[in-house]
Amino acid sequence: MIVAGIDVGGKNVHVVIAKDGNILAKAGAPSGINKAEAAEKLYDETLKSVELKREDINRVVATGSSGSRVAFADGVIPDATADARGVIKLIPSARTVIDVGAEEGRAIRITQEGKVLDFAINERCAAGTGTFVESMARALEIPVEEMAKISLQSTKSIPMNAQCAVFGESEVVSLIHQKNSKQDIARAVHDAIAGRIGSVARIVGLENDVVMVGGVANNVGFVDSLKRELDMDVKVPDSPDYVGALGAVEAAVAGITVEKVEARVVEKETIEEGM
Amino acid sequence: MVEVEKVEYWRWPETSWINPDIDWQTGKVITAGIDVGSVSSQAVVMIDNELFAYSSTRTGSDSPESARKCLNMALVGSHMTEDNIDYCIGTGYGRVNVPMAQQTLTEIACHARGANFMYGPEIRTVMDMGGQDCKAIRTDERGRVVKFMMNDKCAAGTGRGMEVFADLIGVPVWEIGERSFQIDKEPERISSTCVVFAKSEVVSLLQEGVPENEVMAAYCAAMTHRITELLNRLGVEEKFAITGGIAKNIGIVKRLEKEIGITTAELSWYDAKMRDKELPFDTQIAGAIGAALFAAAMLERGRAKSVRKA
């Protein structure tokens, strides 16, 4: 049986094609403005790269924040389901999944079978998402990849006061003016977002093993901050940004094309009372 | 190479005013309030509790310098100098860096007091939106703070949210309000709360060909909704006044009045003469007015000593 998983996220599309449990091809591309079009284009290109046609595929399952826009899919599953199934396939000991993408931060508690037990999400606020990291890298005038690396060289922990991506940019600029090193600022940025993700994760409860996936899992500086924040080890599988698409493949194999999960939407309290 | 002048879309123009009916040399007590905010600074000079001069200028990277520049601008043409001032109080985000101030007070106390002066003693609720925060304040008939709710954590629902939007669409912040009503019908509001996500939403709307004015309406509506959450938490008691830069944006003021079902109070201080002036009364000076009034009250009660040199 040949199946395909397509993960259409806020920033990127990922496609995985598998035959009888073996991955034939995988590809990723920016999702851009027209996410449906980007998904379709990447899907066709990936099929072409392994000389397959759409009709050769037995089942296509989509996932991701814009997964429902994949018109040709046989089904759409929630990100949490895809994450759970993808992670358990790669790391069977996983019980807590933390997925930080461009526009969302999720924490999912899963069973050994890869079922979703509890799920919390922040999708309203850019602080606690990959977008926050990108904005701060822009303020630091370095690529995200470099910010990730240099934060490991930091020797000092500086607290960031801003809990908002917009205010955070100004804070990074003033930290630069105060002559803090880029290394220390990079770590401060990662610590700040780890703090936000940590509070989302604590809502579902943290159970070993903790596995981090999503685009931000590629950021070694962030993973380091998250380990400190949680005071736990955090495992990262290879190609963590493909886990959603892989989970969709797993669902396709199992014949799951629809599933509902109840999310606890996390919103940061921003109003303070005073007298 | 062609030099392109960089247009600043995000801040209000600077303003200043001197009361032509007051001869300061005959005044008894001269006090000043200086409100150094994150984006703009205001200086107010009061003579015997009457408004004599004010200015609203831009805050630079150097707060003491911004405070000085602001006071100097208020005093231009008056022949008054810093040395003629009995007492000065600093307020606002940069209040600790006002070199000519003898004391500092929080902007919440100052805005409540200032609104009481500007809009009259019937004011019970004041909303002040600054460059990076938004405060909803309940006050008594003397302009004292009863309680308040504040958001300074999230840029949505603060002046910054509007600045970012103005910069993004390249329309000056002072035009957005008017233009947001030049539409066929009120669009759905921008669905993202977060300013960063709202930016992407705005870009997609513009790319889909939604007219600019409609996008402005959608953004104003979203921001209004955010402010309403804060006001509802506090509970709005009439009369209600808005101070700060946002009071000058009718795109927000009108929508907010509709959403909470309460009309904002008219300026009570507003002299008929002021209406004829080219520049409207600047609602951003409430905090500085409050500070100057507190200064006068302290002198009167002997809680402060005049530092007047000339």
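Tutor: Start with one pair: A:Ala4 stands opposite A:Val60 in strand 4 of chain A.

Student: Which strands pair there, and in what sense?
Tutor: Strand 1 and strand 4 (residues 59-63) of chain A pair in the parallel sense over five bridges. Strands here are DSSP runs of E of at least two residues, helices are runs of H or I of at least four, and both are numbered from the N terminus. Two strands count as paired if DSSP finds at least two bridges between them.

Student: How far can I trust the numbering and the model?
Tutor: This is a predicted model, in which local features need pLDDT of at least 70 and side-chain atom pairs count only at pLDDT 80 or more, while totals for chains, interfaces and linings use all residues. Residues are numbered from 1 along each chain as its sequence is written, and chains are lettered from A and ligands numbered from 1 in the order in which they are written.

Student: Back to the sheet: what is the strand order?
Tutor: In chain A, five strands form an open sheet in the order 3-2-1-4-5, with mixed pairing. Strand 3 and strand 5 (75-76) of chain A are at the edges with a single partner strand each, so one side of each has no neighbour in the sheet.

Student: What packs against strand 1, strand 2 and strand 3 of chain A?
Tutor: The buried residues of helix 1 of chain A do. They are A:Lys35, A:Ala39, A:Leu42, A:Tyr43, A:Thr46 and A:Leu47. They cover an arc of only 135 degrees around the axis, which puts them on the same side of helix 1 of chain A. The arc is taken from the directions from the helix axis to the C-beta atoms. Buried means 20 or more other C-beta atoms within 10 Å of the residue's own, with C-beta atoms placed from the backbone.

Student: And what comes just after helix 1 of chain A?
Tutor: A:Glu51, which takes a positive phi of about 55 degrees.

Student: New topic. How many residues are in contact between chain A and chain B?
Tutor: 18 residues of chain A are in contact with 20 residues of chain B. Contact means C-beta atoms, placed from the backbone, within 7 Å.

Student: Which element of chain A gives the most to that side?
Tutor: Strand 12 of chain A, with four residues. Strand 12 of chain A also pairs with strand 9 (residues 145-151) of chain B, antiparallel, over four bridges. There, the bridge partner of A:Glu272 is B:Met150.

Methods: Contact = placed C-beta atoms within 7 Å. Buried ≥ 20, exposed ≤ 12 C-beta atoms within 10 Å, placed from the backbone.
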